[in-house]
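Opening my notebook on this one. I want to go through the metal site, the charged pairs and the domains, in that order.

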Amino acid sequence: MDVTAFRCPRCHGPLNSHTEHLECETASCALLFPVVRGVPVLIDESKSVFRHSDYAGDPLAKPEQSAVQRFALRWLPSLDLNVAAKLNANMMQALLLPDGAQPRILNIGSKHPNGAMSSLYDHPEVECVACDLVYADGVDVIADPVSLPFSDGVFDGVLVDAVLEHCIDPEGVVQEVHRVLRPGGYVYSDTPFMIPVHAGAYDFCRFSALAHRRLFNGFRQIEHGVSSGPAAALGYSIQSVLLAFASSRRSRFAVKGMSRLLFFWIKYLDLLLAKRPGALDAALGTYFIGERLPQPLSDHDLLSSYGGAVPNLYVRSDRD
Ligand SMILES: [Zn+2]
């Protein structure tokens, strides 16, 4: 996306480009945004926990990994298995890439090299705009998804994979996703439910399957279900019990490596469980694929989309 297509994250006005910063053209706003290492930092500080100064000097980045850590992450088997990744990637490609289409897609949270949707954002016919809160290869803009720096309706699709749990205001983020999608545009979301804290201070929320569905009440449901099931959640729970005995970074790293070696196989039970209603009630994570609607659905209607196995707390009485 050309820099002229970015907008002020507060007022959505156009931006003037200067050598080391961008400036909102709206006279009543006139916010300034730094450009660091060639990447614009389009954050509205009044709505974010991040500051422009976080990106000056040595800007925010993901922690460096040692060679041992990189080796372990690459070669030790994972505790997690996304049982729906391939089907969901095919579904999104079918929705966004009918014959001759060249969709523009926003990937919030940047490019996970092994993410469920990597085949989509690497597709030659797709223009993928990657936004993130840290520098990484392929990031086009630093932005907080609670105030996206784009005009209304400019994207055909939005990917928000493993992001919402890290947002202080996930409802506000989904409102922004809805705003920047064109009418009838598509969203793919994946977010955890039964998983321990995994990003230190930047980990705020968990969503049951129905809570995840409700976040996207401005969308028609196309697919919704278990991405990683209760067996993977069990693997992480065992690891968490063991991690509670560890305190140093080195001992935590050792426990994680040992857990992966001993308990990686548990996740494969999800291949048997993922489609069962009970799996939805204790899933490690769930996905949602939806089509943007002009008006939100009512909470009353959304309750009927519960697909788990637990009896309802309230039932209609047969007595007069
Ligand atoms: Zn502005």
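Below are my entries, topic by topic.

**Ground rules.** I'm working on a predicted model, where local features need pLDDT of at least 70, side-chain atom pairs count only at pLDDT 80 or more, and totals for chains, interfaces and linings use all residues. Residues are numbered from 1 along each chain as its sequence is written, and side-chain values use heavy atoms, with hydrogens and water left out.

**Zinc site.** I looked up what holds the zinc ion: the SG atoms of Cys8, Cys11, Cys24 and Cys29 coordinate the zinc ion at 2.2 to 2.3 Å. Donors here are N, O and S atoms within 2.8 Å of the metal (3.2 Å for Na, K and Ca); water is not among the atoms, so sites may look incomplete. Along the chain, the donors follow C-x2-C-x12-C-x4-C. I then checked the geometry, and the 4 donor atoms subtend angles of 93 to 119 degrees at the zinc ion, so the arrangement is tetrahedral. My cut-off for that word with four donors is all angles between 85 and 135 degrees. For reference, the ideal angle for four tetrahedral donors is 109.5 degrees.

Next, accessibility (buried is under 20% relative accessible area, exposed over 50%, partly exposed in between, with a 1.4 Å probe and protein chains only). Cys8 counts as buried because its relative accessibility is 0%. Cys11 has 31%, so Cys11 counts as partly exposed.

**Salt bridges.** I count a salt bridge when a side-chain nitrogen of Lys or Arg is within 4 Å of a carboxyl oxygen of Asp or Glu. The structure holds 8 of them.

Asp44 and Arg10 pair up at 2.8 Å, N to O. Asp44 sits in the loop between β4 (39-40) and α1 (67-75) and Arg10 in the segment before β1 (15-17), so this pair ties together parts 34 residues apart in sequence. Helices (H or I, at least four residues) and strands (E, at least two) are DSSP runs, numbered from the N terminus. Asp44 is buried, because its relative accessibility is 1%, while Arg10 at 43% is partly exposed.

Asp152 and Arg179 also form a salt bridge, with their closest N and O atoms 2.8 Å apart. Asp152 is in the loop between β7 (141-142) and β8 (155-161) and Arg179 in helix α4 (residues 170-180), so parts 27 residues apart in sequence are tied together. I noted Asp152 as exposed at 52% and Arg179 as buried at 13%. Glu176 joins these two in a network of salt bridges.

One further pair I looked up is Arg206 with Asp203, at 2.7 Å between the closest N and O atoms. Arg206 is partly exposed at 27%, and Asp203 is buried at 13%.

**Domains.** The chain is divided into domain 1 (3-55) and domain 2 (67-303); the bounds come from an automatic or database domain assignment. Their centres, taken over C-alpha atoms, are 27 Å apart. The contact (heavy atoms within 4.5 Å) takes 17 residues from domain 1 and 19 residues from domain 2.

How much area is buried between domain 1 and domain 2? I get about 1,600 Å², with carbon and sulfur atoms giving 64%. That is the accessible area (1.4 Å probe) that two parts lose on being put together, summed over both. I also looked for salt bridges between domain 1 and domain 2, and the count is 0.

Notes. Tetrahedral: all angles 85-135°; square planar, octahedral: opposite > 155°, others 65-115°.
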